[in-house]
Number of protein chains: 2
Amino acid sequence: MTPERPATTAPEMHWSRWGVPEREAPLPEAAHALVDAFLGTRDTPAVAEEAVALSVPLAGALLDGLRELVGAEHVHVDPATRLRRTRGKSTPDLLRLRAGDGTDSPDAVVRPGSHDEVAAVLAWAAEHRVAVVPFGGGTSVVGGLQARREGYAGVVSLDLLRLDRLLAVDDVSMTATLEPGLRGPQAEALLAAHGLTLGHFPQSFEHATIGGFAATRSSGQASSGYGRFDALVLGLRVATPVGELVLDRGPATAAGPDLRQVLLGSEGALGVITSVTVRVRPVPDTRLHERWRFGSFAEGTAALRALAQSGTTPTVLRLSDETETAVNLATPDQVGGESAGGCLVVVGHEGTLAAVAARRTACAAVLAEAGGTLLGEDHAWERGRYDGPYLRDALLDVGVLVETLETVTWWSRLHEVYDAVRAALTGSLGEAALVLCHVSHVYETGASLYFTVASARGDDPLARWQEAKRAASDAMLAHGGSITHHHAVGRDHRPWLEQEVGPVGVRMLRALKAELDPAGVLNPGILVP
Amino acid sequence: MTPERPATTAPEMHWSRWGVPEREAPLPEAAHALVDAFLGTRDTPAVAEEAVALSVPLAGALLDGLRELVGAEHVHVDPATRLRRTRGKSTPDLLRLRAGDGTDSPDAVVRPGSHDEVAAVLAWAAEHRVAVVPFGGGTSVVGGLQARREGYAGVVSLDLLRLDRLLAVDDVSMTATLEPGLRGPQAEALLAAHGLTLGHFPQSFEHATIGGFAATRSSGQASSGYGRFDALVLGLRVATPVGELVLDRGPATAAGPDLRQVLLGSEGALGVITSVTVRVRPVPDTRLHERWRFGSFAEGTAALRALAQSGTTPTVLRLSDETETAVNLATPDQVGGESAGGCLVVVGHEGTLAAVAARRTACAAVLAEAGGTLLGEDHAWERGRYDGPYLRDALLDVGVLVETLETVTWWSRLHEVYDAVRAALTGSLGEAALVLCHVSHVYETGASLYFTVASARGDDPLARWQEAKRAASDAMLAHGGSITHHHAVGRDHRPWLEQEVGPVGVRMLRALKAELDPAGVLNPGILVP
């Protein structure tokens with residue numbers, strides 16, 4: 001087939017906030033009153049865009065060289081373009097930008113138009129010792145875009161925007177080959193024209209890219225049904241400073257180590273993914289979300305475990321703990337006729353009408369047996385599924401410190417990790433801090449825990465959060481959890497990676513890095529300890 | 001829990017044949033007549049065991065040093081023990097031994113009793129430049145035990161027999177931690193005492209080990225239902241010459257590259273796996289195997305694809321092509337009331353009675369819709385599922401060259417690869433060669449092809465087979481297949497690995513090897529090109 005391009009242009013995100021202006025909203029009045037009562041509020045607006053201090057733009061021979069590689073129109077040094085590729089969208093990232101600190105900005109933004117141009121930029125960067133930061137949607141929340149600057153002649157953001165084609169559809173094998181710069185909605189629209197879906201819907205879906213999903217081992221809200229992104233990827237093409245890597249020999253082989261699983265999660269530190277072959281599914285003709293209630297988080301996790309181990313998993317499965325359930329019900333549009341207390345579960349099914357009916361019956365039997373009560377159909381969760389980050393901006397505007405973190409562990413240690421992380425967070429931020437948690441990804445052997453934390457801002461919110469994050473991360477590792485279930489390592493989790501994979505694991509990563517990126521120009525300071 | 005050891009000792013295999021003497025049988029008379037008519041037969045017995053030429057046994061300071069590490073009683077230099085760890089069980093391996101060539105024998109066999117002793121042997125080997133060949137069940141069919149001898153002070157077989165404990169069961173998370181030396185039946189017996197099963201039943205099941213399954217990315221006959229072994233592994237402990245590697249942080253993480261997937265398939269070339277944490281399932285209370293018939297291999301593969309893409313896969317799924325179907329029906333115990341011609345499918349379901357009933361109904365609907373005819377319950381396949389290699393020995397005894405090979409590719413290329421491999425085999429071995437094929441592992445996006453080849457022996461059967469194998473392997477790679485779906489790389493597939501993963505992929509493997517095994521003593525000549 002002829003490669004296909006998206007019909008719509010991807011919107012650029014706000015420089016100091018998540019998402020697009022049309023979707024911004026101040027904190028609802030009721031929520032504002034609630035937050036004010038618990039944590040206190042005050043106006044903490046961002047500085048003006050013009051007031052943000054950026055790095056010195058690329059100039060001279062380096063800039064000329066880059067322009068020659070991809071064409072002058074695809075190299076940008078203006079402040080607006082560079083600012084919008086400065087760090088990612090974690091709360092620390094936003095706090096720094098809101099305070100006017102844009103010193104981690106790239107010195108230039110380059111937009112190659114092909115695999116070969118990506119390769120040429122990498123060769124140029126290696127030759128001139130320029131750090132290269134691959135850029136997809138800019139949605140990192142782990143400092144994945146904050147490369148080390150010291151020791152480099154410059155830092156360039158390698159924006160993959162122009163690599164935005166659907167290259168191939170194989171409707172016999174049910175695979176599609178996508179370029180890395182495609183945003184989630186663009187990829188879905190291109191696939192939908194073929195009657196297909198990828199089924200990958202993380203909260204960052206509207207802005208994140210195919211390449212980013214692969215490079216960070218993203219998980220989506222429907223991963224219980226469709227699988228994590230690393231399970232969807234069957235083939236990869238990667239540009240590295242030492243040459244091209246193509247892995248495309250079939251769904252599974254026994255031909256040695258699975259090198260796809262080395263590039264998945266490589267966060268731009270080992271190479272730049274220039275195409276991804278993924279498993280696709282028919283667009284579901286039926287979607288059904290229901291709400292269940294359990295008496296406690298312990299009852300709820302037992303029910304989710306039973307479901308995960310029953311062999312029948314729904315497409316979407318999400319359990320809020322008591323606090324998150326209470327807070328969600330406290331927002332005006334979600335209060336229903338439901339009895340207060342307990343824990344809310346959202347169960348979603350997608351597929352053919354018959355498949356949804358069969359899976360719904362099977363899941364409902366397990367959930368009822370585990371003590372759950374069906375509350376009815378859910379619309380609120382699906383409607384608001386991508387809105388969390390907008391709410392965060394509204395809270396940051398009124399002086400509330402709010403952030404999320406997540407982990408994964410075995411079922412047998414889930415409550416130990418849950419308790420330890422909560423204790424670490426309130427130990428660091430004070431008992432007044434609000435800690436919400438949900439389980440959103442289940443496996444037969446374990447599950448993720450996703451925490452949302454809100455606390456008073458204090459005098460130095462950045463330092464305050466960094467201390468809390470450190471305590472929570474230490475707790476995760478001390479109790480058998482991973483430093484991250486689906487947010488990647490970046491710069492922020494790097495100090496814990498040696499605890500996660502051990503010193504020999506770190507040596508393996510360093511050896512791979514040295515082999516594929518001998519000049520050390522690929523996203524330096526990210527991932528590899 | 002206290003670690004548990006198996007109640008039974010693992011039987012040692014015959015030095016020049018598969019399996020144990022009790023199960024040996026001459027070719028049935030009807031089969032003998034058939035083979036004689038098509039290919040011709042003649043007696044081609046093996047030489048006497050005493051006539052096999054072995055390497056020079058380890059002696060002197062090296063032997064003393066090894067004895068000090070693990071105890072003299074755990075170091076063996078007698079010919080019988082060394083001969084039984086000489087190469088694996090491919091037809092070329094058997095042909096060489098039957099002809100009296102045991103020159104690839106290890107110079108000593110060492111049996112460490114713990115992770116620490118394994119680590120000590122590796123350190124000793126690195127210091128003295130002794131090649132170490134990790135040994136599990138000795139079932140390799142790709143030359144995985146035939147290490148390079150040149151440049152080494154000796155070659156030692158690291159027999160993992162004594163690492164045979166079930167270390168832990170977590171019946172909340174449904175995981176078990178097993179040592180690598182456990183044979184398939186031993187592991188299943190230990191787990192069965194806890195009401196659990198691993199569900200991994202490759203044809204080598206009776207002799208192969210947990211460590212071998214992991215190190216070679218084994219797939220089993222029930223992998224459609226339970227998953228490939230690399231999908232069952234959640235945690236690993238590995239001894240390397242540079243230290244211990246422990247990966248155990250949960251079912252799935254986003255903490256960088258998945259290093260488990262580097263050690264899975266590492267074939268003893270990067271480290272020695274000393275424990276494996278695997279997903280387990282309840283012992284099924286129901287098992288049902290049925291036979292279906294399709295008009296042709298093309299109809300059959302279309303049906304299997306429909307099943308794999310329907311979201312409802314049986315536990316066992318196996319489709320024989322026209323030739324394999326005809327040959328199977330030609331053996332006396334399998335002729336039934338079934339109409340001749342077409343292609344046979346075996347469909348197996350395991351689980352609770354209700355789950356089996358539900359899956360059976362769902363699968364039957366897909367198979368019937370795809371044009372299949374249900375023939376009835378199957379008993380023959382399950383009864384004979386581990387017998388193939390015994391039949392091979394009986395054929396080798398009467399001068400028939402017989403061997404298997406396998407690949408995997410996308411559904412859209414399956415028939416192209418099928419035709420190309422068959423053409424390569426008959427092109428090399430002549431039109432009289434019998435080429436059977438079955439599909440035994442299906443994925444949503446592709447499937448495996450497993451070929452059994454029988455031909456006249458010729459004057460130099462080894463060279464004759466090597467030429468055919470080379471032609472078939474070239475055909476696999478030229479048409480988009482992998483060099484192996486579930487037999488690993490070893491020494492035999494190594495020449496094709498660069499085509500499979502490309503020069504950059506090879507650089508990654510070499511860099512990992514150099515980092516983890518700087519002295520190059522781990523299974524040299526295996527896997528890494």
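This is a predicted model: local features need pLDDT of at least 70, side-chain atom pairs count only at pLDDT 80 or more; totals for chains, interfaces and linings use all residues.
Biologist: OK, switching to domains. How is chain A divided?

Modeller: Into domain 1, covering 166-282, and domain 2, covering 286-383. Taken over C-alpha atoms, their centres are 29 Å apart.

Biologist: How many residues are in contact between those two domains?

Modeller: In chain A, 5 residues of domain 1 are in contact with 6 residues of domain 2. The domain 1 side of that contact has 2 nonpolar, 3 polar and no charged residues.

Biologist: Now helix α5 in chain A. What span should it have, and how far apart are its ends?

Modeller: The helix covers residues 115-128, and its 14 residues should span 20 Å at 1.5 Å a residue. The end C-alpha atoms are 20 Å apart, which agrees.

Biologist: Which of its residues are buried?

Modeller: In α5(A) the buried ones are Glu117(A), Val118(A), Ala119(A), Val121(A), Leu122(A), Trp124(A) and Ala125(A).

Biologist: What comes just after α5(A)?

Modeller: Arg129(A), with a positive phi of about 50 degrees, although Arg129(A) is not a glycine. For background, most residues other than glycine have a negative phi. Arg129(A) sits in the loop between α5 and β5 of chain A.

Biologist: Where else in chain A is there a residue other than glycine with a positive phi?

Modeller: Arg217(A) is one, with phi near 55 degrees. Its place is the loop between α7 (210-216) and α8 (223-226) of chain A.

Biologist: Of those two arginines, is each buried or partly exposed?

Modeller: Arg129(A) counts as partly exposed because it has 13 C-beta neighbours inside 10 Å. Arg217(A) is buried, with 29 other C-beta atoms within 10 Å.

Biologist: Let's do sheets. What's the strand order in the open sheet of chain A?

Modeller: The order is β2-β4-β6-β5, 4 strands with mixed pairing. At the edges are β2 (75-76) and β5 (130-135) of chain A, each pairing on one side only.

Biologist: How do β4 and β6 of chain A run?

Modeller: They run parallel, with 3 bridges joining β4 (residues 108-110) to β6 (residues 154-159). Val109(A) stands opposite Ser157(A) in β6(A).

Biologist: What's β5(B) joined to?

Modeller: β6(B), residues 155-159, through 5 bridges, and the two run parallel. Phe135(B) stands opposite Asp159(B) there.

Biologist: And why call β14(B) largely enclosed?

Modeller: Because 7 of the 9 residues of β14(B), residues 286-294, are buried.

Biologist: Which strands does β14(B) pair with, and in what sense?

Modeller: One is β16(B) (residues 343-351), antiparallel over 9 bridges, with Arg293(B) opposite Leu344(B). Another is β17(B) (residues 373-377), antiparallel over 4 bridges; in that pair Glu290(B) stands opposite Glu377(B).

Biologist: Last one: which residues of α15 in chain B are buried?

Modeller: In α15(B), residues 388-397, they are Pro389(B), Arg392(B), Asp393(B), Leu395(B) and Leu396(B). Down the helix axis they fall within an arc of 165 degrees, so they line one face of α15(B).

Biologist: What covers them?

Modeller: The cover includes α1 (29-39), α4 (91-98), β18 and β20 (446-456) of chain B. Just after α15(B) there's also Gly399(B), with a positive phi of about 80 degrees.

Note on methods. Residues are numbered from 1 along each chain as its sequence is written. Chains are lettered from A and ligands numbered from 1 in the order in which they are written. The expected span of a helix is 1.5 Å times one less than its number of residues. A residue is buried if 20 or more other C-beta atoms lie within 10 Å of its own, exposed if 12 or fewer, and partly exposed in between; C-beta atoms are placed from the backbone. Domain bounds come from an automatic or database domain assignment. Two residues are in contact if their C-beta atoms, placed from the backbone, lie within 7 Å. Ala, Val, Leu, Ile, Met, Phe, Trp, Tyr, Cys and Pro count as nonpolar, Asp, Glu, Lys and Arg as charged, and the others, Gly among them, as polar. Two strands pair if DSSP finds at least two bridges between them. The arc is that of the directions from the helix axis to the C-beta atoms.
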